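Let's walk through this model together, one region at a time. Please have the viewer open as you read.

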Amino acid sequence: MSRSSAVRGRSAPSADLVRRAAHAALLSFEKTPAAADLLVERFSSKDFGARDRAFLRELVYGVLRWRGRLDFIFGQFLSKPNVAPPVREALRLGAYQLLFMDRVPAHSAVDGAVSLLDRRNLGWARGLVNAVLRKVAEHEVSPPESREDYLTIWESHPRWLVRRWMRALGEEEAQRRCRANNEEAPVVFRVNTRVSDTRSLAAELASEGVATQPGCADPDCLIFLPDESAPGARFSDAAAWREGKFVVMDESSSLVSRFAGAAPGESVLDACAAPGGKTACLDWAAGENGRVVAGERSSRRLALLQRNCARIRADARLLRMDAMKPPFHEAFDLVLVDAPCSGLGVFRRHPDARWRFREEDLAAQAKRQKELLQGAARAVRRGGRLVYSVCTNEPEETGEVAASFREPGFVPMLEGGALPEDAKRYLQPDGSLRITPGDGLDGFFAMRWRKEGGNC
């Protein structure tokens, strides 16, 4: 297994402070599960430099991604399986560094994990953590033999989801999906086509030391190539970022924006808009003569949307809005409902989601998604289009939601919109766009309808 180089050149005191922050973040997650990016933001000290923040992110994301395997491996050396949460998180952090981070010396990983217990009145556990982690470092543990146990434990996925995928997809495809979910997600730039193009943007970024390569499926995307000699280096320091020449979004999200098919001069409503990547793409496509309205129900997410739209100078009207009850009637040529969902298609970007979401939550998600779709449909003018998208591939949230939508006058659209030629392989006969995790892309689903009674 490969190990990260995120801590090259770090001093021991700084590393210990970061480990302490990661330990606190993971304990917080166990008590009240939250998104990994929010945990990193919350527990990152204002005194942390770029390398410290990169190390913290690596630890939090890595432990959440590989929790199943970590627990299994260090569990082989525990006489009793149940340990106090602070001890368990210290073991997870130590085991992750030993197994996945080759730039962290083994003694630093062990000693750092042991020291996490100093402030928690758990001195009795120091010897336990030290002994268990030394055995982890010295002994190789074989993965489970059965396919279900292998995917659950070694590929670190919830058992309910492994069983679900094995039934629906077959064992080989279920394994392929689990492995795709455990890949390190690249940072992808979507160029602002109003002011630049990928060739020009790549050259401009290269002149500032930011390396990129072409995207996998969208010609308007670039994949950021981090400099391993400078972990934590930020592309956000580049002038092109400050000038709004690109946004960060996965190629699948960019393809959904293309699939939506906004045309120059059109009026567009992005009904669930934050963080704003798709809003930006819709604004660029609608052009200077178009009109884009971006709505968001959450005040916190609306503030995030405002910051992002300001940076890229998106000419969109922003408002606090419940997509189930939009304050518009038959007002837009295009309405996009990028609905809140389980996120089961984007595990590689959000490893926390695999532990936060339960199978019984799917029904509640689907109910809300249907209500959002029905509500937003009222804002589509005659002759206009309605688009539904989610970052998941589960039937309850994708095909079943689309099949349940039977508002009068809306008919499915079968053509591919403005998709690049290479991306048309994701189009289905029913007109939907289905992208599964793998091939460098996140999992996404989208469907389009036209409202009859007007001009195309």
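Is R356 buried, partly exposed or exposed, judged by its relative accessibility? At 38% relative accessibility, R356 counts as partly exposed, where buried means under 20% relative accessible area, exposed over 50%, and partly exposed in between, with a 1.4 Å probe and protein chains only.

## Ground rules and confidence

This is a predicted model, in which local features need pLDDT of at least 70 and side-chain atom pairs count only at pLDDT 80 or more, while totals for chains, interfaces and linings use all residues. Residues are numbered from 1 along each chain as its sequence is written, and side-chain values use heavy atoms, with hydrogens and water left out.

The protein chain has a mean pLDDT (the predictor's confidence in each residue, from 0 to 100) of 93, and 95% of its residues reach 70 or more. Residues 5–10 have pLDDT below 50, and this stretch has 20 contacts in the model beyond near neighbours in sequence; a contact means heavy atoms within 4.5 Å. Where pLDDT is low, the predicted coordinates should not be read in detail.

## Around R356

R356 sits in helix α16, residues 353–356. Helices (H or I, at least four residues) and strands (E, at least two) are DSSP runs, numbered from the N terminus. Not counting residues up to four places away in sequence, R356 touches F29, P33, A34, A35 and D361. Its C-alpha atom is separated by 12 Å from that of H157, which is 199 residues apart along the chain.

Helix α3 covers residues 50–65, and its 16 residues should span 22 Å at 1.5 Å a residue; the end C-alpha atoms are 22 Å apart, which agrees. The expected span is 1.5 Å times one less than the number of residues. Among the buried residues of α3 are D52, F55, L56, E58 and R65.

The axes of α3 and α5 (residues 85–100) come within 10 Å and cross at roughly 105 degrees. The two helices are therefore roughly perpendicular to each other, a label for angles of 65 to 115 degrees. From α3, the contact uses F55, E58, L59, G62 and V63, and from α5 it uses R92, L93, Y96 and Q97. These residues divide into five nonpolar, two polar and two charged.

Nine of the ten residues of helix α14 (residues 277–286) are buried, including K278, D283 and W284. Just after α14, G287 takes a positive phi of about 75 degrees.

In the loop between β5 (267–270) and α14 you will find P275. A cis peptide bond joins A274 and P275, with omega of about 10 degrees.

## Loops with positive phi

Most residues other than glycine have a negative phi, and most peptide bonds are trans. S156 is not a glycine, yet has a positive phi of about 60 degrees. S156 lies in the loop between α8 (147–154) and α9 (159–169) and, at 0% relative accessibility, counts as buried.

D439 also has a positive phi, near 55 degrees, and is a residue other than glycine. D439 is in the loop between β11 (433–435) and β12 (444–451), and at 58% relative accessibility counts as exposed.

G440 belongs to the loop between β11 and β12 and counts as partly exposed at 25% relative accessibility. Leaving aside neighbours within four places in sequence, G440 is in contact with C216, D250 and R348. G440 and E183 are 257 residues apart in sequence and 9.0 Å apart in space, C-alpha to C-alpha.

Methods
Axes fitted to C-alpha atoms, helices over the stretch in contact; angles between N-to-C directions. Parallel < 35°, antiparallel > 145°, perpendicular 65-115°, else oblique. Nonpolar A, V, L, I, M, F, W, Y, C, P; charged D, E, K, R; others polar.
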